[in-house]
Structure formats: structure tokens, C-alpha cells
Amino acid sequence: MSNTTILNNIGLSLSGGGVRALAFHAGLLKFLAENGLMEKVTNVSSVSGGSLFTGLVFHYAKNRWAGDTEYLNSVLPQIRKLMTTTSLQKSSMEALIKPSNWKNILNRGAVIAQTIESLWGIKSHLSDIPQAPVWTINGTNGENGRRFRFKNGTMGDYKTGYAAAGSFKTATAMAVSAAFPIGIGPVEIETEKYIWERETGWNTGKTERVYPPYKKMHVYDGGLYDNLGTEAFFDIGRQSIKTSVKNLDFMIVSDAGTPFDDKPVPNPLSFGRASNLVNILMDQDRSLRVRSFQNFFINNRGSGMYISMGAELFNADDLHAAGLTTDEINTARNYPTTLEIMKEKDFDALVKYGCAAAALSVKNL
């Protein structure tokens, strides 16, 4: 009997990593679809490239979660064509130099949102996204440092409070996940346009009206807080799936991030030095989270799995046996974090790697 038969009520945590992450996660879903598991997905939590990918899945499935055949025959080919013929990064920069967008020179996240809407054609609102599977789009609140999320037509964080956001554009919520502080910057939300509520106490079930102490909220890339998107489902302190998350029995963490590499510290006058420090902090946060849920998986076999492109997880022999060539392995592992156009062979290599990593992980359950 295939190990895929034990996968039920699946929660997907899709990491950041630009278009590299997008293509890698596309490979994970290819594996799920080939094994009749797409309808088993009950929850999706995404960051950065993971959010861009999930948004495209809903978009090409006409604001539904794609079924197995639909994903393989329609959604995945359309995503491949989009990623190998358009550049979100280049088109956003071209839009920024237009006089009409000069006002957004310090609000470049808004330009990313405009480009997702115009170039990719995503014109839906959060109210158009179905309630199942539950999709959580993760950001980072620049004012208080908490995880800011969009979920089931609402947005907010536990400190600020939560507000109805059904009229919020899906493209803007997706752009939050691309709002890296160095280079792009945050997406701004005018707090006075929304009614905010917060629980009166922990798990009381009672709410009260609250007023954020700032007129504008600056929401950055969710990767600053948790580049794996695991906090939506996973309690890192208790090392368990959160009891508050309904219909989730099996958690798949798809990590398309790249480990921090040894390299010279950039010039002190360059943006690269600040970016380097941010990457160090993000890498340490990622490492702690990976250790926590890997320990959970070890102690609770059959409750989840972790897949990544890291050499520590799958050696070349395993990947060769799964059908990858040495060139495909190297392409996937060394692909940069970018929003640029992809070559077809590079997209295919990353999809193939993601699919093979999922298959190998299932064998090890």
C-alpha cells in the first residue's frame, strides 16, 4: 500500500524564496495531484513566493482550489507559461519610473501589487477566495513586529486586532509577501478605513472595538517573521499542530529557502550590508523553526513531513534515482531569490525537484 494513503486533511506551509520557491512548490502540488491528494488539502499558509504561487493556483482555477486533473492539465501549464514569458521584477521597475507612480517611490509594494493585477491579470478580492481550503497569507507588521495575516476575508494580528477585508485586493495581499524591506519596501494600509476588533483576553471568545495607534500600517514580507509560514498551524513552543486549526491532520512544510552562505561582508555604504544582516537574522529564525518541527515529526511519525532543496535532506544518489540529472539538481539548488523571468529548463528543473523531494519524503514516513 502506498504511503500516500495515510495523508489526510493536509496543511501546506509554503515558504518564501521568490520564483525559485514558486516553481519548487509547483512541484510539490504536482506530486499531490499525481497521487489524487489535491482535495485532501484543507489549509494553506504561505509567504513570499509561496503566496505568489498560491494566488496563481486560485487564479487559474477561477477562484477555486484546483482538482488533481485540473492542476496537472491546466493550472500548472499556465503557471509555467506565465513565469517563463513575464518578469514581475522588470515590469514593476518599468512601472515605477512612470510619472504617475513617482508618488510610490517610497511605497514600492503598491507598484508590485499593480503589476500583479495588470501583468498577471489577478483582479479578484479576498471575498472571492473560497473558505476551503483556508488560505493564510502571511506578512510582518512593521509597527509592532508581529505576524500580520490575511485569512478568510479578514486581516490583522493579535496585538493590533482584526478587521474585515473582503474588499481588499488579492493582488495587494500577494504583494505583501514580496515586500522585502531592502529594495521593495512595505505595503501601506490606512487603518482608519477599517473597523478593528480584538479579544478581551486570551481565548475568551469576546471581542471589543480597538483603535490602532497609527494611521498607516506598514506590512512587510512575512519572511521577516517566519519565512516558512509554519506559525499559522504549528505551535513552536509546544511542538504540536495548533488545536485551534480545524481539519488538519498532516502538515507538509515546503522549504524553498537557501541556507546562508559564507561570503565577504558588503561595503558599509551599500544596501547590501543591511540586506546581509537581515538575511542572517532570517536564517537563524528559519533554523530554529526547522529544528522544532523536525523534532515534532520524529516524535509523531505520520503527522507530517519536511521537504527542501538542502543537500542535508536528500543526497545526489537519491535524487538521481528519482529521475533528476546532475544539472537539474545544481540548477535547483543554486537558483537565486528573484522575481525575474525564468528559463523553461530552470522552471522545469525546480518543479521536478519539488515533486521528487515530496515523493522521497513520503517513502520515509
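A crossing of two helices is termed left-handed if the near helix is turned anticlockwise from the far one by less than a right angle, and right-handed if clockwise. The model examined is predicted, with local features requiring pLDDT of at least 70, side-chain atom pairs counted only at pLDDT 80 or more, and totals for chains, interfaces and linings using all residues. Residues are numbered from 1 along each chain as its sequence is written, and side-chain values use heavy atoms, with hydrogens and water left out.

Helices were taken as DSSP runs (H or I, at least four residues), numbered from the N terminus. The crossing of α3 and α11 is right-handed. Helix α3 spans residues 68-83 and helix α11 residues 344-363; their axes (lines fitted to C-alpha atoms over the stretch in contact) lie 9 Å apart at an angle of about 135°, on a scale from 0 to 180 degrees between N-to-C directions. The contact (heavy atoms within 4.5 Å) involves L76, I79, R80 and M83 of α3 together with E344, F347 and D348 of α11.

Aromatic pairs were defined for rings of Phe, Tyr and Trp (its six-membered ring) with centres within 6.5 Å. The count comes to 11 aromatic pairs. The rings of Y194 and W196, with centres 6.3 Å apart and planes at 70°, form an edge-to-face pair (planes over 60 degrees apart).

Technical notes:
Phe/Tyr/Trp six-rings, centres within 6.5 Å; stacked < 30°, edge-to-face > 60°. Helix = DSSP H or I, 4+ residues; strand = E, 2+ residues; numbered from the N terminus.
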